[in-house]
Each structure stands twice: as structure tokens, then as C-alpha cells.
Amino acid sequence: MTEETAAATVGREVIASARGLVKRYGATAVVAGVDLDIHRGECLALLGPNGAGKTTTLRLLLGLTPPSAGTIDVLGHPVPAEARAMRARAGIVPQFDSLDPDFTVSENLLTYGSYFGLSRRRVTERLDY
Ligand SMILES: Nc1ncnc2c1ncn2[C@@H]1O[C@H](COP(=O)(O)OP(=O)(O)OP(=O)(O)O)[C@@H](O)[C@H]1O
Ligand SMILES: [Mg+2]
């Protein structure tokens, strides 16, 4: 695929946006006024040195950390107000294995299924014992 056709396949629909995003811990603004738009089909990387605020920005976008200021919208949901509904539609690949070591594989799958609205019965049906 040429660069031109690759660019043409990226939709202009904004699927995630932030305006004036600020996160303060004490007197320190670790995210200090971020504006961004992510379009459908677009791949965005946050690059920066350790402690730059990359993880905090992602946590803000996912509604896992409340912002000190600014607005966030992901998949048409205001965040953090509708973060749970948004997260049910968002796929996340964590940096590290985040399975609970105290749970069995089945228990982990049941837990993750519940995050995406799958009933216990439906997950159990899909488990291959
Ligand atoms: N819960 C917290 N309480 C206080 N300070 C925090 C908290 N979480 C993060 N910080 C601070 O915010 C700053 C940004 O941290 P963050 O984890 O977002 O950086 P990062 O860019 O993801 O770094 P790395 O490349 O090491 O993963 C750091 O100075 C960190 O110590
Ligand atoms: Mg990080």
C-alpha cells in the first residue's frame, strides 16, 4: 500500500479527543494541557522519557484517573462520566500481564468477561475444560 492510499484509508471521524487536559499531583502538573484528536484507523504513539506522563495520559483517556482540568471524549462517551460504558467498547493491551495470580485461568476469564458485559453463563459455555 502506498503512503497515499494508506492515508486515504484513515477516516476523519474523531474517535477520541482531549482538550486542555491537565493532571496535577500536588503542585506538579504531570500532564500540563494536552490537546489531541485520534481518528478512526489512526495509530498514535506517545513518546517521551520516563516520567513524561504517557501512562497518566492513557489512564486519563480510559477514565482510570480523574483529570484536574480539561475534557475527554472517547467513542462518543464523555470521560470519566461515562467511562464504564466506553471501556466496555474499548480494547486494551496492557504493558504487563495483568491477570490475577490468585485466580485460576477460568476465574480470570470470568472476571474479564464481566468487564465486557458477558454473563457468567455465557463465559462458562465458552470455556473449554
Ligand atoms: N498516583 C501518582 N501519584 C503521584 N505522582 C504520580 C502518580 N502517578 C504518576 N505520578 C508521577 O507522574 C509523572 C508521570 O508519570 P507517568 O507514569 O505518567 O510517566 P510515563 O511517561 O508513563 O513514564 P514511564 O516511561 O516510566 O512509563 C511521574 O513523575 C510520576 O512519578
Ligand atoms: Mg508509563
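Some ground rules. This is a predicted model, where local features need pLDDT of at least 70 and side-chain atom pairs count only at pLDDT 80 or more, while totals for chains, interfaces and linings use all residues. Residues are numbered from 1 along each chain as its sequence is written, chains are lettered from A and ligands numbered from 1 in the order in which they are written, and side-chain values use heavy atoms, with hydrogens and water left out.

Now, where does the largest pocket lie relative to domain 1 and domain 2? Both domains give residues to its lining, so it lies between them. By pocket I mean an open set of points on a 1 Å grid over the protein atoms alone, where a 1.4 Å probe fits, with protein on both sides within 12 Å along at least five of seven lines; lining residues have an atom within 4 Å of a point. The space in there is about 1,300 Å³, counted as what probe spheres set on the points fill. Of the 34 lining residues, Leu 58, Leu 62, Gly 91, Ile 92 and Val 93 are the closest to the centre.

Helix 2 gives the most to that lining, 5 residues. Helices here are DSSP runs of H or I, at least four residues, and strands are runs of E, at least two, numbered from the N terminus. By class, the lining has 24 nonpolar, 5 polar and 5 charged residues; Gly counts as polar in this scheme, and Tyr, Cys and Pro as nonpolar.

On to ligand 1. Around it sit Tyr 25, Val 30, Pro 49, Asn 50, Gly 51, Ala 52, Gly 53, Lys 54, Thr 55 and Thr 56, each with a heavy atom within 4 Å of it. Helix 2 supplies the largest share of this shell, 3 residues.

Which backbone atoms come up here? A polar backbone atom of Gly 51 is 2.8 Å from an oxygen atom of ligand 1, and one of Gly 53 is 2.9 Å from a ligand oxygen. For Ala 52, a backbone N or O atom lies 3.2 Å from an oxygen of the ligand. The protein covers 55% of the 640 Å² of accessible area that ligand 1 has on its own, by the Shrake-Rupley method with a 1.4 Å probe.

Most residues other than glycine have a negative phi, and most peptide bonds are trans. Val 79 and Pro 80 are joined by a cis peptide bond, omega about 10 degrees. Leu 75, not a glycine, has a positive phi of about 55 degrees, and is found in the loop between strand 3 (69-74) and strand 4.

Note on methods:
Domain bounds come from an automatic or database domain assignment. A polar contact is a pair of N or O atoms within 3.5 Å; within protein, one must be able to donate a hydrogen and the other to accept it, and residues adjacent in sequence count only if both atoms are side-chain atoms.
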